[in-house]
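Biologist: Before I rely on any label attached to this model, I would like to see the criterion behind it. Could we go through the terms one at a time?

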Amino acid sequence: KVKEVGKNNFVLYSPSQEHSPREILILQNDLHLAIERDQLLVYFQPRYKLNTGKIIGAEALIRWNHPKLGLVPPMNFIPLAEETGLIIDLDHWVLEQACKKLSEWKHKGWDFINISTNISVQHFQRTNLVEQVNHIIKKHNINGKNLELEITESMLMKNVDYVINELERLKSLDIKISIDDFGTGYSSLSYLQQFPINALKIDKSFVIKIQNNTNKEIAHAIIQLAKSLNLHVIAEGVETKEHLEFLVASGCSEGQGYYFSKPLPIADFEQLLFKQQREEGRGCEYIEA
Ligand code: C2E
Ligand code: MG
Ligand code: MG
Ligand code: MG
């Protein structure tokens, strides 16, 4: 089944292999209650500076802890939420959780950590996202520069003037914008330079199958493109040491993936940050001694 998302972008939407049709009905029914029943969670996948191996941020990824079906991954309910428009509430909820954390970390002195959240096409095109974001960052008294919004290529190509204007306004709040799953959409490269964006995220499909020469060349080309447009570049799906070495050699500065860490519950992510902080501390003692 091919599901239309926006005008220029088609994705394959196959019902999950993990859930029966009956279970999908249950999910569909229960989703609108998930927020008020406190069943949603945010996981954090650490993002690393590749040449230092240091954590510099995290991507916030939603999870649904369903009372009967257990932990449901986003691919099994995001498409449902997109169909009903509920995705706007989910994105907003994640954004709020991310900003709460940023505020907490700011007080801990962890203001070098950035969080990125995923923004759906509907949220971006059909709501006053800029006002919402402005409201949330003021409410939690955080710096816009610590927040990054991940949008997709398909969002750029609809209502271009509107999009540029919205992105300019986000930029004036110091919010960063990255293009998620880059390379899988149909964005025209000449268009790309008119948008005030900060980074391209290389889609994991090109990184995971980097042993395939075509994918290697695509990943390499995206890194070069980012450089010539003066954008940061972030690799998703860094699963092995070979992936890491290829990316570093190609000049990719940032990455995330199972080689480093899977998405983690917040407490586990914070443990990693504490560990990094302790190790940095030890490094200083060592130099002093
Ligand atoms: P995404 O934004 O591209 O997020 C990256 C996905 O790749 C995550 O899947 C992550 O767990 C997975 N991943 C990270 N490293 C590796 C790796 O080394 N190997 C492999 N095979 N996978 C890796 P996840 O958490 O299942 O999320 C899937 C998608 O659901 C996300 O893709 C994003 O598009 C969507 N999503 C998640 N949270 C939200 C949200 O709050 N709002 C919206 N609108 N979409 C969300
Ligand atoms: Mg993402
Ligand atoms: Mg995404
Ligand atoms: Mg992605």
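What follows is a conversation about a metal site, salt bridges, a cavity and a pocket.

Modeller: This is a predicted model, in which local features need pLDDT of at least 70 and side-chain atom pairs count only at pLDDT 80 or more, while totals for chains, interfaces and linings use all residues. Residues are numbered from 1 along each chain as its sequence is written, chains are lettered from A and ligands numbered from 1 in the order in which they are written, and side-chain values use heavy atoms, with hydrogens and water left out.

Biologist: Which residue coordinates both the magnesium ion (ligand 4) and the magnesium ion (ligand 2)?

Modeller: D180 coordinates both, and the two ions are 4.1 Å apart.

Biologist: Why is E236 called buried?

Modeller: Buried means under 20% relative accessible area, exposed over 50%, and partly exposed in between (1.4 Å probe, protein chains only). E236 has 6% relative accessibility and therefore counts as buried, whereas D181, with a relative accessible area of 25%, is partly exposed.

Biologist: How do you know that E254 forms a salt bridge with R47?

Modeller: A salt bridge is a side-chain nitrogen of Lys or Arg within 4 Å of a carboxyl oxygen of Asp or Glu. The closest N and O atoms of E254 and R47 are 2.9 Å apart, so the pair qualifies. Because E254 lies in strand β11 (residues 254-255) and R47 in strand β3, the pair ties together parts that are 207 residues apart in sequence. Both E254 and R47 are buried, and they belong to a network of salt bridges that also links E59, E148, E150 and K201. The structure holds 13 salt bridges.

Biologist: What are the accessibility classes of R169 and E131?

Modeller: R169, with a relative accessible area of 28%, and E131, at 39%, are partly exposed. Their closest N and O atoms are 2.4 Å apart, and the two residues form a salt bridge.

Biologist: What makes one space a cavity and another a pocket?

Modeller: On a 1 Å grid over the protein atoms alone, a cavity is a set of points where a 1.4 Å probe fits but cannot get out, and a pocket is an open set with protein on both sides within 12 Å along at least five of seven lines; lining residues have an atom within 4 Å of a point. One cavity of 30 Å³ or more is found in the whole structure, and the largest cavity has a volume of about 40 Å³. Its lining includes W105, W110 and I142. The second largest pocket has a volume of about 290 Å³, and among its 16 lining residues R47, I56, N114, H232 and E254 lie nearest its centre.

Methods: Grid points are joined across faces, edges and corners, and a volume is the space filled by probe spheres set on the points. Donors are N, O and S atoms within 2.8 Å of the metal (3.2 Å for Na, K and Ca); water is not among the atoms, so sites may look incomplete. Helices (H or I, at least four residues) and strands (E, at least two) are DSSP runs, numbered from the N terminus.
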